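Dear colleague,

I am handing over the structure we spoke about, and below it you will find my notes on what turned up when I went through it. Please read them with the coordinates open beside you.

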Amino acid sequence: MTMPVNPVMAGVAESDLGETPDRNWLENAAIATMRALDDAGLSKDDVDGVGFAGADDYMPSLVLAEYLGIDLPTHTDGTEIGGSSFEAMVEHAAHAMAQGKTDVTVIAYGSTSKTGEENPYESGQREDHPVNQFTRLAGLFTPPGAYALGARRHMHEYGTTQEQLAEIAVSTREWASMNPKAAQQDPITVEDVLDSRPITDPFNLLDCCLVSDGGGAVVLVSPEKAAELDIVPVSVTGAASTHTHRGDISEMPDLTQTGAAQSGPQAFEEAGITTDDIDVAQIYDSFTYTVLVTLEDLGFCEKGKGGEFVEGGTLGPDGDLPANTQGGGLSYCHPGHFGIFLLIEATRQLRHEYEGDRQVDGAETGIAHGTGGILSSSSTVILERGVN
Amino acid sequence: MSDSIPIEDKRESWEGPIPLPNGVTEEFWAGTVDGEFRLQHCGDCGEAQFYPRVVCKHCGSMDLDWEPASGDGTVHSYIVNHIPGEEGFGEFAPYVVAIVELEEGPHLTAMMPVDGDDVEIGTAVEARFWQISDDTAMPVFVPA
């Protein structure tokens, strides 16, 4: 299988991050969208495709389009598969582009997870829900508890240790220390992670992502449109998505293997490259374990060897696989659905936007892999510098 | 007939969620207040499933019958939950939440009102019911 067309990431942007008490979720999404269009050198009148997920509204793409005054788009995408929705939307946009349905699609996210009211679509656990009427009675603090159940099983089957999981948090913080936008920039050690407060043992606080306000957006354009723009082009050359379960972690077929074991190989095949070709990786890091199991499933190391793989700073600035180079959900920001920020950072690295150690030298090829729900959905996007 | 699972009446003290049975879930909850952990068994492929559905998740058959399960199983994975995940669980924290593999095959996520030191992956467990409303009793598990 090959991509029907290779969309170009023409614009990327965040809203203000961290705490935005004077903004609501839709404002954060709209601000990010307008900044991303500006980054691409486009205006909202150029937009003919709209994607929006994680909204406090069950018709998300409609609400963003209406708010921005985008009438009659020819591509609309309200896919909601959790944090990986945006990677899935990239895949969908590529197909719509191949059909001539869109030349300029915006994909956006916005939240006030930290300072706003609780999102009823995140917490909406009605007591007559056909599944949640059972799930809620476990009293599981989720999502951390669900991911921790996966981690514990991985530790049991493969001998993975809390120290190895902690290495992921440490490497990620090293990257965050170079990002002025990161919420947590002070270096940490493995001991700091192990000594942080227990949340859902085997996870401690520093195994868990932040809770932030903020939004993000990307603008995808057709290769023809990209040629008209003054941008450093970064192209999508592979994309695939899947899911295994929804809200009850006991429904996951195998706690130690995610859908990335399917979406990863499919996306790599589309791109015609392998894990060895990847210069920089953006791997959803809701929790340390999310990264470890995803790296295995994508094929960066053998199943069960993720712990060994991440030891010694592999994912850090001096490591063999620079990953989560803006500081990730663990240290930069995590406003609920982190997938949009994976695409933003992957694009910036491949544009060579940064200076010094913050830039992965000569990065030509990247991966953005989103995980949604509770290890539930998996969506892989392969990106390459240039027009393919 | 079935192994009867002990029921502890918590209707007075329970402050957590109370399920509202509907559709095919009514049959499950009706069993709980009689001390029965009812599982659906497929008339075509023979597999058991939990949670209840109108379709067999294994083969797609709609020929499903209810049979009481033993309530016995083993711990497939577990965590120690230091932060209550729902209202009503605060008084138990820290408490264990486990994925239990029932001896009939299905997995479910359930609370274990025990100390983390009492549980390992592979620990044999058995069900108890906490009756939390007139119509429902929630399954919890303790080491066998």
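Please keep in mind throughout that this is a predicted model.

I begin with the strands of chain A. All seven of the seven residues of strand 1 of chain A, which covers residues 8-14, are buried, so this strand is largely enclosed by the rest of the structure. Strand 1 of chain A is joined by six bridges to strand 7 of chain A, residues 213-221, and the two run antiparallel.

Within chain B, strand 5 pairs in the antiparallel sense with strand 6 (residues 95-102) over eight bridges, and B:Val75 finds its bridge partner in B:Val100 of strand 6 of chain B. Strand 5 of chain B is also paired with strand 8 of chain B (residues 124-131), again in the antiparallel sense, over three bridges, with B:Asp72 set against B:Glu126 of strand 8 as its bridge partner.

Which strand of chain A pairs with strand 5 of chain B? It is strand 5 of chain A, residues 198-201, and the pairing is antiparallel over two bridges; here A:Asp201 has B:Val80 in strand 5 of chain B as its bridge partner.

Elsewhere in chain B, three strands form an open sheet in the order 3-2-4, with antiparallel pairing. Strand 3 (48-49) and strand 4 (64-69) of chain B stand at the edges and have a single partner strand each, so one side of each is left without a neighbour in the sheet. Strand 2 of chain B, residues 37-42, pairs with strand 3 of chain B over two bridges in the antiparallel sense, and in that pairing B:His41 stands opposite B:Ala48 of strand 3.

A:Tyr58 sits in the loop between strand 2 (49-52) and helix 2 (60-68) of chain A, and with a relative accessible area of 62% it is exposed.

One residue remains to be mentioned. Is A:Glu270 buried or exposed? With a relative accessible area of 10%, A:Glu270 is buried, and this residue lies in helix 10 of chain A, residues 260-271. The C-alpha atoms of A:Glu270 and A:Ala240 are separated by 8.8 Å, while the two residues are 30 residues apart along the chain.

With best regards

Key. Residues numbered from 1 in each chain as written. Chains lettered and ligands numbered in written order. Predicted model: local features only at pLDDT ≥ 70, side-chain atom pairs only at ≥ 80, totals over all residues. Heavy atoms only, no water. Buried < 20%, exposed > 50% of the residue type's maximum accessible area, 1.4 Å probe, protein only. Helix = DSSP H or I, 4+ residues; strand = E, 2+ residues; numbered from the N terminus. Pairing = 2+ DSSP bridges.
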